[in-house]
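Hi,

Here is the structure I promised to pass on to you. Have a look at it first, and then read my notes below.

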Amino acid sequence: MTDAAPDSARAATAPAPETPERLPARETWRALYRHFRPHRGAVALGALFTLIGAASGLAQPLAAKSLVERLGTDESITGILLLLTGLVLLGTAIESVGAYVLERTAESVVLAARRTLIGRLLRLRLSEVERTQPGDLMSRVTSDTTLLRAVTTQSVVSAATGGFTFMATVVMMALMDPVLLGVTLGVIVLIGGATALVMPKIAQATQRAQEAVGTISTALERAFGAFRTLKASGAERREAAAVRQAAQEAWRHGVRSAKWQSVAWSSVGLSVQVSFLAVLGIGGARVASGAISIATLVAFLLYLFYLIDPVSRLVEAASQYQVGSAAVARIVQAERLETEEVDGPDARESTEPGAARPSAASVAFEDVRFRYREDLPYVHHGVSFDVPGPGMTAFVGPSGAGKTTVFGLIERFYDASGGRVLVDGKDVQEWPLAELRSAIGYVEQDAPVLAGTLRENLLFGAPGATDDDIDDVLVRARLDAVVRRLPEGLDTVVGHRGSKLSGGERQRVAIARALLRKPRLLLLDEATSQLDAVNELALRDVVAEVAREVTVLVVAHRLSTVTLADRIVVMDAGGVRATGTHAELVAGDPLYGELAATQFLATSAGVSAT
Ligand SMILES: Nc1ncnc2c1ncn2[C@@H]1O[C@H](COP(=O)(O)OP(=O)(O)OP(=O)(O)O)[C@@H](O)[C@H]1O
């Protein structure tokens with residue numbers, strides 16, 4: 001592909017996590033050994049079967065020889081025929097069991113690597129995910145792990161058997177003629193040394209190819225993540241060009257890796273042939289001088305050809321090691337991303353079915369300072385407020401004032417850089433994370449609905465909830481009529497990101513999902529999009545009802561919500577500028593007065609203030 005990368009291509013091919021390109025050799029070795037270690041018994045078994053199979057192959061010519069000798073005599077050949085057949089069958093069976101054991105082990109290595117990686121990726125800190133490309137992280141689980149197959153199994157066997165037969169052949173050659181052995185080893189070391197120089201290029205090319213595979217996933221994830229926008233923007237061709245460009249890169253580096261691998265392979269034949277010529281020349285001279293007999297030279301040359309197999313195996317193991325080292329570097333990069341502490345029960349255990357609704361939580365911010373990254377400006381410059389439970393508190397303020405960030409800090413998606421965030425009077429840093437989050441129901445602004453059925457979506461945060469609990473939240477979120485209308489009720493599939501539901505329905509599903517967790521604190525980031533009056537009233541009633549027993553914090557964009565709130569926190573430019581009721585603030589805070597008169601009224605869809 002020759003076209004220049006369009007903007008979309010450049011965005012989609014943004015680099016993955018900032019981590020060292022290559023791991024130091026020692027760390028690569030350690031990381032690969034970590035994947036191999038649990039399976040070393042199985043690999044040894046596979047290697048043993050492979051060796052026995054090969055050994056039984058060696059016995060076959062002997063049995064065949066004996067068979068041929070008997071043909072000219074009166075002796076029965078039935079026994080020897082049966083023995084030969086038995087040997088062939090046994091050899092084949094043992095060899096295929098060996099191959100099966102090795103392949104199975106290879107799959108187990110991949111499985112174990114995937115399991116570890118999946119466990120870590122889903123526990124990554126939000127800030128880490130924001131720094132990386134989810135598509136690229138996915139490709140590390142799906143694609144890079146498969147490259148561990150050969151290096152942790154077949155190449156270990158190749159290295160062991162190759163090394164062993166190499167040593168045995170060298171010993172036999174030493175017994176024949178140490179001088180010729182010196183010549184042979186000299187040639188092998190020379191060519192082997194040159195080959196060793198190209199080996200890192202295999203790893204380098206493989207790593208680049210894998211990075212390009214990661215970019216393909218990233219680009220596709222980006223396209224499918226906004227598929228309607230993609231179509232509406234007529235961006236299919238440009239996005240396809242971005243993906244194709246990444247595919248082309250993967251191909252280019254894959255081919256480069258293949259090129260270096262074939263260079264490595266050709267070194268096997270080259271070293272044996274050059275050795276052969278050198279041995280022939282020097283050996284001939286030694287025969288002429290009477291230092292060795294011609295029989296010794298012939299036997300030595302035969303051993304030289306025996307070397308082809310072990311040297312091939314060693315080269316194979318070395319190039320597989322390079323491929324594996326590229327993959328393991330990317331896997332280690334992903335494993336090094338910071339995860340959240342794993343402490344206590346997850347959603348399954350923390351939400352007991354039918355459990356009594358606990359008391360409302362209190363929330364307080366004490367002079368909280370926060371920025372998303374060291375290199376970004378502060379978003380909160382000393383935010384303070386105090387919210388006793390239950391009741392509804394609305395956060396209002398211009399776009400970008402830091403309202404949604406308040407929720408991120410309460411959920412501990414991020415840690416404050418200064419000050420304290422308190423829930424029930426206790427610093428969120430001191431809460432066991434799972435316990436803190438199990439007390440909270442969170443409805444994001446864009447109310448994400450996941451692919452799957454409606455039931456799966458509702459149970460997402462409370463897998464242990466009963467049918468009665470579900471019925472209850474359906475009624476409370478005004479979803480019961482919607483579910484009745486659906487042909488398959490709760491088991492209706494809602495599509496990728498809930499695309500088969502309307503915007504209002506998605507919001508109510510998100511609220512129902514949060515309520516099913518029986519939260520003590522409900523965080524509701526109100527959608528900025530305009531809802532129809534009926535939907536808006538319905539949601540308003542739901543929230544008001546919940547706020548009777550639960551502490552509800554709402555990032556409010558609608559007057560109907562604000563006027564319902566027990567208290568309003570007005571945020572501006574990363575600080576709290578005023579707190580009070582609607583009436584107090586309209587009278588006392590000019591910014592609030594302006595917001596109420598313009599922004600809220602503009603989006604209140606005709607719902608009048610009370
Ligand atoms: N994950 C993030 N990484 C870096 N900066 C962020 C991140 N999320 C928000 N910001 C920045 O922090 C500031 C506050 O964002 P926040 O979402 O809290 O504002 P908000 O008051 O909720 O705005 P809105 O009413 O438009 O939703 C904004 O300038 C925003 O660009």
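Let's start with Leu521: this residue is buried, because 24 other C-beta atoms lie within 10 Å of its own, and 20 or more is enough to count as buried. Keep in mind that this is a predicted model. You'll find Leu521 in strand β7, which covers residues 521-525.

What does Leu521 touch, leaving out residues up to four places away in sequence? The list is Ala361, Val363, Val423, Ala439, Ile440, Val550 and Thr551.

β7 belongs to an open sheet of six strands, in the order β6-β7-β8-β3-β9-β10, with mixed pairing. Which strands stand at the edges? They are β6 (440-443) and β10 (575-580); each has a single partner strand, so one side of each has no neighbour in the sheet. On average, neighbouring strands are turned by 15° against each other, if you ignore direction.

If pairing is new to you, strands of a sheet pair through backbone hydrogen bonds, in either a parallel or an antiparallel way. β6 and β7 do it in the parallel sense, over four bridges. To see this in the model, find Gly441, which stands opposite Leu522 in β7.

Two helices go with this sheet. Helix α15 (residues 403-410) packs on it and touches β3 (391-396), β6, β7, β8 (551-555) and β9 (567-572). The direction of α15 makes about 145° with that of β7. Helix α20 (residues 503-516) lies across β6 and β7, and runs at about 170° to β6.

Elsewhere in the chain, look at helix α4 (residues 78-121) and helix α6 (residues 134-142). Their axes come within 9 Å and cross at roughly 155°, which means that α4 is roughly antiparallel to α6. On the α4 side the contact is made by Arg114, Leu117, Ile118 and Leu121, and on the α6 side by Leu137, Arg140 and Val141. Sorted by class, that contact has five nonpolar, two charged and no polar residues.

Last, the unreviewed UniProt entry annotates residues 42-60, 80-102, 147-173, 179-199, 262-282 and 288-308 as "transmembrane region". In the model, residues 147-173 are 93% helix and 0% strand, with their end C-alpha atoms 37 Å apart. Residues 262-282 are 100% helix, and their end C-alpha atoms lie 30 Å apart.

Cheers

Methods: Residues are numbered from 1 along each chain as its sequence is written. This is a predicted model: local features need pLDDT of at least 70, side-chain atom pairs count only at pLDDT 80 or more; totals for chains, interfaces and linings use all residues. UniProt positions are given in the numbering used here, feature names are shortened, and annotations may be inferred rather than shown by experiment. A residue is buried if 20 or more other C-beta atoms lie within 10 Å of its own, exposed if 12 or fewer, and partly exposed in between; C-beta atoms are placed from the backbone. Two residues are in contact if their C-beta atoms, placed from the backbone, lie within 7 Å. Axes are lines fitted to C-alpha atoms, for helices over the stretch in contact, and angles run from 0 to 180 degrees between N-to-C directions. Angles under 35 degrees count as roughly parallel, over 145 as roughly antiparallel, 65 to 115 as roughly perpendicular and the rest as oblique. Ala, Val, Leu, Ile, Met, Phe, Trp, Tyr, Cys and Pro count as nonpolar, Asp, Glu, Lys and Arg as charged, and the others, Gly among them, as polar. Two strands pair if DSSP finds at least two bridges between them.
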